[in-house]
Amino acid sequence: MQADSAATMSGINPLLVDRFKADGFLLVEDFFTAGELGKYAKSIDAAVRFRTADDNRSLSDKNLYEQTFIQCKGLWEDHSSVAPLTFHLRLCAAAAVLLESDCVRLWHDQALYKEAGGRQTDAHADFPFWPVDEPRLVSAWIPLDGVRLGGGVMGYVQGSHKIGRDLFVDIGQLRGGDPVALLQEPEVADRPFVWIEAPLGSVIFHHARTIHAAEANDTNATRRVYTTVYIADGCRRKGQGSSFGVDREGLAEGDLIAGTGFPVAWPRIEGNLPAPPAIRGPKTGFEFAE
Ligand SMILES: O=C(O)CCC(=O)C(=O)O
């Protein structure tokens, strides 16, 4: 019953679900109107400006990770005008359909602004970053202007979510790790790698285990992208390493992922947005934990 209404609300039909299951990613064009995106883009720009107001460094003065993108997480929590996109009913319904779950929660939202001249996003999968027991998470990658080749488009290893080896890649060697040439790994190298241009109004969904990368931004304009990640209800915390979102909720290993920082995104009533958690994370960067 609920699954039917999520399918109707999202417009994600069984053919699209099958494509997502086969490829591990799915481009859906004309998901948003240019008008609604323009409104959200203004709010996200303002939120990113607020979060980065103290940072006057040029790109070359930043570390490699920061040269990949300006990353601002949890924008819905301190910028209420961003929340309607984070909890956009059609987007959340699409996540429920793709995760084949009656109920999904927000895992996180973030702006990923790749500055003009910003470096490539190193190939990685998301799941090894996250302290979750099952790979039942889906990301929605929303370009606020549309992205063409040369401007920082995303690329995906087709079907790589089925490989099932969770190799952590230290993007930009932020943690001082060795670069991992994930695309040359056995089982990965044999699969097609495809760059996907994303026109204005589109969204690309990807599975938490899908290996993906993004081009450098060789244009003169910032590549403005906003992403939301949803998690199937019922997943649990795995591991005890520090991780802001789960630590903030006081979750121990094995506890259900839930709480004010992981609000139910679907099912929800239009316009009824969740209240943000009282404790906020850091303004920018990879981890909330400081
Ligand atoms: O936008 C990018 O450059 C990378 C995005 C990404 O890695 C993700 O959404 O998981």
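This is a predicted model: local features need pLDDT of at least 70, side-chain atom pairs count only at pLDDT 80 or more; totals for chains, interfaces and linings use all residues.
Trainee: How many helices and strands does the protein chain have?
Mentor: The protein chain has eight helices and eleven strands.

Trainee: What share of the residues count as buried?
Mentor: Of the 290 residues, 43% count as buried. As for contacts with a separation of 6 or more, 85% come from residues 24 or more positions apart.

Trainee: Turning to the ligand, which residues surround it?
Mentor: The ligand is surrounded by Phe69, Leu112, Lys114, Thr121, Asp126, Ser139, Trp141, His212, Ala214, Val225 and Thr227. The elements that give two or more residues to this shell are strand E3 (104-114), strand E5 (137-143), strand E9 (212-214) and strand E10 (223-232).

Trainee: How many of the shell residues are nonpolar, polar and charged?
Mentor: The shell has five nonpolar, four polar and two charged residues.

Trainee: Now the core. Which residues touch the most other members of the largest nonpolar core?
Mentor: That core has 77 residues, and Cys92, Ala95, Val104, Phe205 and Tyr230 touch the most other members. Helix H7 (residues 89-99) gives the largest share, nine residues. In soluble globular proteins, nonpolar side chains tend to be buried together.

Trainee: What is cysteine 92 in contact with, leaving aside neighbours within four places in sequence?
Mentor: Cysteine 92 is in contact with Phe87, Val104, Tyr230, Ala265, Trp266 and Arg268. One of these partners, Trp266, is joined to proline 267 by a cis peptide bond, with omega about 0°. Proline 267 is in the segment after strand E11 (264-266).

Trainee: Which residues other than glycine have a positive phi?
Mentor: Among them are glutamate 100, with phi about 50°, and glutamate 187, with phi near 75°. Most residues other than glycine have a negative phi, and most peptide bonds are trans.

Trainee: Where do glutamate 100 and glutamate 187 lie?
Mentor: Glutamate 100 lies in the loop between H7 and E3. Glutamate 187 lies in the loop between strand E6 (154-157) and strand E7 (193-196).

Trainee: Why does glutamate 100 count as exposed?
Mentor: Glutamate 100 has 12 other C-beta atoms within 10 Å, and a residue is exposed if that count is 12 or fewer. Glutamate 187 has 13 within 10 Å, so glutamate 187 is partly exposed.

Key
Residues are numbered from 1 along each chain as its sequence is written. A residue is near a molecule or strand if its C-beta atom, placed from the backbone, lies within 6 Å of it. Helices (H or I, at least four residues) and strands (E, at least two) are DSSP runs, numbered from the N terminus. Ala, Val, Leu, Ile, Met, Phe, Trp, Tyr, Cys and Pro count as nonpolar, Asp, Glu, Lys and Arg as charged, and the others, Gly among them, as polar. A nonpolar core is a set of buried Ala, Val, Leu, Ile, Met, Phe, Trp, Tyr and Cys residues joined through C-beta atoms within 7 Å. A residue is buried if 20 or more other C-beta atoms lie within 10 Å of its own, exposed if 12 or fewer, and partly exposed in between; C-beta atoms are placed from the backbone. Two residues are in contact if their C-beta atoms, placed from the backbone, lie within 7 Å.
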